[in-house]
Amino acid sequence: SKIEVPQTQIEIGELLVKEEKFTSYLFSMSFDPSISSKEKKKVTGLINIPIAKGSFPLVVMFRGYVDQKLYQTGDGTRRAGEYFAQNGLITIAPDFLGYGSSDSEAGSIFESRFQTYTTVLVLLDSLNSIPNWDRTNVFIWGHSNGGQIALTVLEITGKAIPTTLWAPVSKPFPYSILYYTDESDDRGKLIRRELAAFEETYDPDLYAIDLYYERIKAPIEVHQGTNDDAVPKEWSDELTKKLNELEIDFDYFVYPGADHNLNPSWNTVVARNLAFFKEHLD
């Protein structure tokens, strides 16, 4: 059944930074993250708008994991977002619930996770409220867990949104979470307990992105460093092998010695991203 995604107004708020070629603002939007006409919540984020006259293409940006206690609006997307904005693209990066100045996330760790997808679905359906967007060209940029969000949204929507992925988490749920449990203070006890309860009610295969890649209609770029300590290169090898088998349009770039943030090849990667976006302009 088709999900009815509500539209909302993307409100441009406080001016954060004014640069020579673009201005950064806080944005917010209010919507029901359960998309079932319940309580509305506010999500904030960072939007960069070029200063030049006219209208511009737009990049929606999804960050990877950042510690909630340390997180500030724009973390994980700021540097790349500024590069794209300097080159004439609007960029918008949601904080997600529980981060920045957003309202609190859901009580369940898995409901919170799935509400990142509804946040993105509402955001994508509300882009017309952004001034200066050209109303035609939209791209996706996702890093790490943000890459996993991007792949999920491409599967849910079936939209051909050109997408660039930096070291994406492409392993299926729940392994995509269990792989990182050694990093939690309780060594993953809470996650395993919640997962056991979740699996009593739900089939985890219904939430596993690797079983639905055939739904992807978008051209994709995958960028992966060989010295990545968070996302093994083998994951991106397996992802692109699957995309190839399904004849999905993709390019795969591997950077010898590059880390999870694609350093020291960062400049090369963002330049490739920009060229990819320009190549897919309508």
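In which sense do β6 and strand β7 pair, and over how many bridges? In this predicted model, the two strands, β6 and β7 (residues 163-166), run in the parallel sense and are joined over four bridges. One point to look for along this pairing is I140, whose bridge partner in β7 is T163.

Strand β6 itself, spanning residues 133-143, is mostly covered, with eight of its 11 residues buried.

A further stop is T91, which lies in strand β5 (residues 90-94). Its relative accessibility is 2%, so T91 counts as buried. Apart from neighbours within four places in sequence, the residues in contact with T91 are L46, I47, N48, V59, M61, G81, F84 and A85.

Turning to the helices, two packed helices are described by the angle between their axes and the distance between the axes. For helix α2 (residues 109-125) and helix α5 (residues 189-201), the axes come within 9 Å and cross at roughly 80°. Because of that angle, α2 is roughly perpendicular to α5. The contact of α2 with α5 involves six nonpolar residues, one charged residue and no polar ones. On the α2 side these are I109, F110 and F114, which meet I191, E194, L195 and F198 of α5.

How values were computed: Residues are numbered from 1 along each chain as its sequence is written. This is a predicted model: local features need pLDDT of at least 70, side-chain atom pairs count only at pLDDT 80 or more; totals for chains, interfaces and linings use all residues. Side-chain values use heavy atoms; hydrogens and water are left out. Buried means under 20% relative accessible area, exposed over 50%, partly exposed in between (1.4 Å probe, protein chains only). Contact means heavy atoms within 4.5 Å. Two strands pair if DSSP finds at least two bridges between them. Axes are lines fitted to C-alpha atoms, for helices over the stretch in contact, and angles run from 0 to 180 degrees between N-to-C directions. Angles under 35 degrees count as roughly parallel, over 145 as roughly antiparallel, 65 to 115 as roughly perpendicular and the rest as oblique. Ala, Val, Leu, Ile, Met, Phe, Trp, Tyr, Cys and Pro count as nonpolar, Asp, Glu, Lys and Arg as charged, and the others, Gly among them, as polar.
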